[in-house]
Amino acid sequence: MKEQGDYQIIPIIVDVPTNLKTINFYLIKRNHSLVLVDAGLDTDDCWYALHRTLSENNFSLQDITEIVLTHNHGDHVGLVNRITSLQPIPIYAHKDAIPRLKRDNSFFEMRVDFFAELYKEMGCGDAGDKQVSYLRKAVLKGSKNAIHSEIAPIGSSHLRFKIMHVPGHAPDHIALYDETDHILISGDVLLHHISSNALIEPDISGHRMPTLIQHKQSIEGILALSVNLVYPGHGILIDEPERLIKARLASIERKAARLKDLIQDGISTGAELAKHYYKNLYDTQFSLVMSEIIGHLDYLENEKQINRVKIDGIWHYRINN
Ligand SMILES: [Zn+2]
């Protein structure tokens, strides 16, 4: 347990057998409030870890006063329904997380159409069709994961934290920043052992967001803050994150430069670039790979290093001379 000024952050850390290493969520004790930031996976491991941490600190589930969610992903919101079915408490998240957390059907149907169009324009062929049919089935099954309780949009400050909107990994991603002690509860914006993926997503009205550019701006914003300590959503706590952020920024530049070399060699569509860059990962981790490629293409285009033309419905990228 760490004690800052007038509050304590109590981590709940659950080992997982994936490259995430751990699922981390946090209790913040301040005066009469006990806030849960994120809610792990919907597993018994996470549920027992929450109870164990509560009882080790002489609390019970009934002492939790509210839940704040850093973003909509399933490994951050898993226990919300279990908790609120026993203890109806307010839930706060970024406003754009709400249709996603409520599994709003029309939003998710729009989202499937968005990916169908995107993968077609990127020249993905069968691999794209396969992913789209997976997404279509997931919409039908997904409603059982909907958050039951009302979710309130979080304001620009909460408790004693400044709420930073840090989109990129997720469009609704927020981080909680203590401006006095320079402490950041970061969700998945910054992880120590893996780089956080900027996942391609439509916005609420179906437009594609430049997620890698957003992610880059988000971590540059964190770099400007001189943060002392980061409490991330996975892996170990991060002391003085400057070096890590600079390494992440350098890796974006490196990837973009390699992609530009491939375009220079005449490889022009998103799908062909993905196959050349990621080889067999194109088949095994299709959506992640396409997010990385499209994100870096957006970045190069935004930097005016490349441009694109549509031929027979497919984007072709070219070097700017
Ligand atoms: Zn996430």
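Start where two domains meet: ten residues of domain 2 are in contact with 13 residues of domain 3, contact being heavy atoms within 4.5 Å. This is a predicted model, in which local features need pLDDT of at least 70 and side-chain atom pairs count only at pLDDT 80 or more, while totals for chains, interfaces and linings use all residues. Residues are numbered from 1 along each chain as its sequence is written, and side-chain values use heavy atoms, without hydrogens and water.

**Select the domains.** Colour 105-142 as domain 2 and 247-319 as domain 3. Domain 1 takes 2-99 + 147-240. These bounds come from an automatic or database domain assignment. Over C-alpha atoms, the centres of domain 2 and domain 3 lie 20 Å apart.

**Show the surface.** About 950 Å² is buried between domain 2 and domain 3. That is the accessible area (1.4 Å probe) that the two parts lose on being put together, summed over both. Carbon and sulfur atoms give 66% of it. Now pick E121, M122 and A127 in domain 2. They lose the most area to domain 3, together 56% of what their side buries.

**Zoom in on E121.** What does E121 form with K310? A salt bridge, with the closest N and O atoms 2.9 Å apart. The term needs a side-chain nitrogen of Lys or Arg within 4 Å of a carboxyl oxygen of Asp or Glu. The count between domain 2 and domain 3 is one salt bridge.

**Select the helices.** α5 gives the most, with four residues.

Conventions:
Helix = DSSP H or I, 4+ residues; strand = E, 2+ residues; numbered from the N terminus.
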